[in-house]
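Have the viewer open as you read.

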Amino acid sequence: MSTFNLPQLPYSYDALEPYLDKETMSIHHQKHHQAYVDNLNIALEKEEKNNSYLEMILQKISWYGPSVRNNAGGHFNHSLFWEILSPTARLTPEGKLAEAISTKFGSLDNLKAEIKKTGLSQFGSGWVWLYVKFNGSIAVTATTNQDNPMMDTQITDRGFPILGFDVWEHAYYLAYQNKRADYLDSLWHVLDWESVEKKYAEILLKIK
């Protein structure tokens, strides 16, 4: 059977302070993300399904039980979240992604406002996404729990995530308590647009 592993962070747990504190980062990565990885491996073994490609599992998630859905989503979502954050982040998009943002939203500030509004509107646990639709256009959406736009259980907002902000309380409560808006604002200080652009370019090649 295929075994998934917890990815190492490309920075230390305190590298994103003061925006994301060391204790939250450590618990979030070592406890929450690790649990999703462990439980995904257990769930796949119980279902006797062997698939080493996480994206393929997500795109056919309706074929699996709820435990695989929750934990495969949790593994993918958190892996993407770590990848797009950086203590040396480039804070503005460039090139084709910058053009796509301008075309769709009018400006980067408008995109940020839309992501914040969508993240605050997500009732309970979930994620807010910037994603690429199958036709190559970009959009913002939110999903509950550990779902994401790749899953074939999503009816109207399917596509490939390139930016995801975790709005589960465990992602921010130690430092921000119930102030989700402040937490969402803080993420723009460590969001690395260079990483997001690379994901955008890879997806455009994939869907052509």
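Phe134 is partly exposed, as its relative accessibility is 44% (partly exposed lies between buried, under 20% relative accessible area, and exposed, over 50%, with a 1.4 Å probe and protein chains only). Phe160, at 7%, is buried. Keep in mind that this is a predicted model, where local features need pLDDT of at least 70 and side-chain atom pairs pLDDT 80 or more, while totals for chains, interfaces and linings use all residues. Numbering starts from 1 along each chain as its sequence is written, and side-chain values use heavy atoms, leaving out hydrogens and water.

Rings of Phe, Tyr and Trp (its six-membered ring) pair if their centres lie within 6.5 Å; planes under 30 degrees apart are stacked, over 60 edge-to-face, the rest tilted. That rule gives eight aromatic pairs, including these:

| Pair | Centres | Planes | Type |
|---|---|---|---|
| Phe134 and Phe160 | 5.6 Å | 65° | edge-to-face |
| Tyr172 and Tyr183 | 4.8 Å | 25° | stacked |

Phe134 sits in the loop between β1 (126-133) and β2 (138-144), and Phe160 in strand β3 (residues 159-166), 26 residues apart. Helices (H or I, at least four residues) and strands (E, at least two) are DSSP runs, numbered from the N terminus. Tyr172 and Tyr183 are both buried.

Now the sheet: it's open, with three antiparallel strands ordered β2-β1-β3, where pairing takes at least two DSSP bridges between two strands. β1 and β2 share seven bridges, and Trp129 stands opposite Thr141 in β2. Trp129 also belongs to an aromatic cluster with Phe81, Trp82 and Trp127.
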